[in-house]
Amino acid sequence: MNEQEILKEKLATLRSEHRDLDDVIARLVERAPYDQLQMQRLKKRKLMLKDQIMLLESRLLPDIIA
């Protein structure tokens with residue numbers, strides 16, 4: 001497995017976890033009242049995942065010389 005394939009696999013895993021967190025957050029909001037601290041932690045984790053996804057995407061895209 002080369003580096004590109006490893007990065008793509010990791011990216012797919014992160015995207016899946018990000019979508020799963022979306023679902024968990026949506027279900028938590030539907031159940032009022034909900035734990036604010038838990039919600040903050042979930043959103044923070046989701047944001048960290050988004051940052052990691054963006055980092056991997058930038059590593060996968062070739063540099064374009066303008």
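User: Let's start with R45: buried, exposed or partly exposed?

Analyst: R45 counts as partly exposed, at 30% relative accessibility. Buried here means under 20% relative accessible area, exposed over 50%, and partly exposed in between (1.4 Å probe, protein chains only).

User: What kind of model is this, and how is it numbered?

Analyst: It's a predicted model, with residues numbered from 1 along each chain as its sequence is written. Local features need pLDDT of at least 70 and side-chain atom pairs 80 or more, while totals for chains, interfaces and linings use all residues, and side-chain values use heavy atoms, without hydrogens or water.

User: How many salt bridges does the count come to?

Analyst: The count comes to 4 salt bridges. Among them is one between E57 and R15, whose closest N and O atoms are 2.3 Å apart. R15 sits in helix α1, residues 3-30, and E57 in helix α2, residues 36-60, so that pair ties together parts that are 42 residues apart in sequence.

User: What about D22, which residue does it form a salt bridge with?

Analyst: D22 forms one with K46, and their closest N and O atoms are 2.3 Å apart. D22 lies in helix α1 and K46 in helix α2, so the pair ties together parts that are 24 residues apart in sequence. D22 has a relative accessible area of 32%, which makes it partly exposed, and K46 is partly exposed at 22%.

User: Why would such side chains pair at all?

Analyst: Side chains of opposite charge can pair when their charged atoms come close.

User: New topic: at what angle do α1 and α2 pack?

Analyst: α1 and α2 pack at about 155°, and their axes are 9 Å apart. The axes are lines fitted to C-alpha atoms, for helices over the stretch in contact, and angles run from 0 to 180 degrees between N-to-C directions.

User: Roughly parallel or roughly antiparallel, then?

Analyst: α1 and α2 are roughly antiparallel to each other (over 145 degrees; under 35 is roughly parallel, 65 to 115 roughly perpendicular, the rest oblique).

User: And I25, buried or exposed?

Analyst: I25 counts as buried, at 11% relative accessibility. This residue is found in helix α1. I25 and K46 are 21 residues apart in sequence, and their C-alpha atoms are 9.7 Å apart in space.

User: What share of the protein chain is buried, and what does its C-alpha trace span?

Analyst: Buried residues make up 20% of the 66 residues. Along its principal axes, the C-alpha trace of the protein chain spans about 50 × 30 × 15 Å.

Conventions
A salt bridge is a side-chain nitrogen of Lys or Arg within 4 Å of a carboxyl oxygen of Asp or Glu. Helices (H or I, at least four residues) and strands (E, at least two) are DSSP runs, numbered from the N terminus.
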